[in-house]
Amino acid sequence: MTKMKKVVVIGGTGLIGSKAVKLLRDAGHEAVVASSRNGINAYTGEGLADALAGADAVIDVSNMMSFDKTVITDFFGTSSSNLTIAEKAAGVRHHVVLSIVNADQLAANPYMAGKLAQEETVAASGQGYTIVRATQFHEFIETLAGAYAADGAVKVPDTDFQPIAADDVAAALVEAALGEPRNGTVDLAGPERGPFESFIRTYLDARGDARPVKADEAVDYFGAPVVAGSLVPGGDYIKGRITLTEWLKA
Ligand SMILES: NC(=O)c1ccc[n+]([C@@H]2O[C@H](COP(=O)([O-])OP(=O)(O)OC[C@H]3O[C@@H](n4cnc5c(N)ncnc54)[C@H](OP(=O)(O)O)[C@@H]3O)[C@@H](O)[C@H]2O)c1
């Protein structure tokens, strides 16, 4: 019989976290929904010791949106330090954290610098861990289309893109958390790879938005220069199932 596990989901009310909680509970595991509004705060440490008591694993999908490098680096670094220290004290064996594919190469983008600080803190913590680096979510494409809008068109980086559905991300995180720590990094990407502009085109077409979409070599990824493979895994990776078209239909 499979042993039921207790998994604490930091950011359990968010997009990915709420899906991970549902998957865990549907499979008969105990999932603790941790968020600052629930009195469990990774950044301040509030409520962590009680939440982690008896837990087998933690999935950290907390988030803060900031493009201030000092603020975001402090948030992810301090939260990861608090979590891994509290996990070791509570005897939790596995810390799973969601990061972003090529965060290290894109660290000129302040948010990516924060994700890199998160990864480095976890890797240096002495806690058993798995870093899951995902590509951009299908759910994030609307934000990208808005951010890259310019002069009646959408101008995006001239690079490959391989977005993934949040459902696939949550499933991969749950699978990681129920397994052994890799003490390393695994990449995760959607089922289709192609030019960035083609995914934005598909998204806008589904929304009835006829604005032209162009690839532009001068466009960066929010401060980070991009080359051909900047936003996609460079080697082996876990492949999600849900294409953008399927996700749009659903
Ligand atoms: N967007 C993408 O395309 C993409 C791609 C790859 C990886 N990611 C990563 O995916 C992760 C999850 O993103 P998401 O979109 O699911 O986030 P989200 O929907 O914004 O949810 C964030 C969650 O974090 C919680 N939270 C914030 N501060 C906290 C704190 N101090 N302590 C505990 N919980 C806290 C929030 O709840 P409260 O407000 O109640 O605290 C909320 O539950 C992020 O780390 C992001 O870097 C994103």
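This report walks through the ligand site and the salt bridges of a predicted model.

## Ground rules

Local features here need pLDDT of at least 70 and side-chain atom pairs count only at pLDDT 80 or more, while totals for chains, interfaces and linings use all residues. Residues are numbered from 1 along each chain as its sequence is written, and side-chain values use heavy atoms, with hydrogens and water left out.

## Around the ligand

Let's start with the shell: 27 residues surround the ligand, each with a heavy atom within 4 Å of it. The closest are T13, S36, R37, Y111 and K115. By class, the shell has 14 nonpolar, eleven polar and two charged residues (Asp, Glu, Lys and Arg count as charged; Ala, Val, Leu, Ile, Met, Phe, Trp, Tyr, Cys and Pro as nonpolar; the others, Gly among them, as polar).

Helix α1 (15-26), strand β4 (94-100) and helix α4 (110-123) each supply at least two shell residues. The largest share, three residues, comes from β4.

## Contacts and burial

Which ligand atom type lies 2.8 Å from a backbone N or O atom of L15? It is an oxygen. A backbone N or O atom of I16 lies 2.9 Å from a ligand oxygen, and a side-chain N or O atom of K115 is 2.8 Å from one. Taken alone the ligand exposes 930 Å², of which the protein buries 85% (Shrake-Rupley method, 1.4 Å probe).

## Salt bridges

The whole structure holds ten salt bridges, each a side-chain nitrogen of Lys or Arg within 4 Å of a carboxyl oxygen of Asp or Glu. In one of them, E180 pairs with R93 at 2.8 Å, N to O. E180 sits in the loop between α6 (166-178) and β9 (184-189), and R93 in the loop between α3 (69-90) and β4, 87 residues apart.

Note on methods
A polar contact is a pair of N or O atoms within 3.5 Å; within protein, one must be able to donate a hydrogen and the other to accept it, and residues adjacent in sequence count only if both atoms are side-chain atoms. Helices (H or I, at least four residues) and strands (E, at least two) are DSSP runs, numbered from the N terminus.
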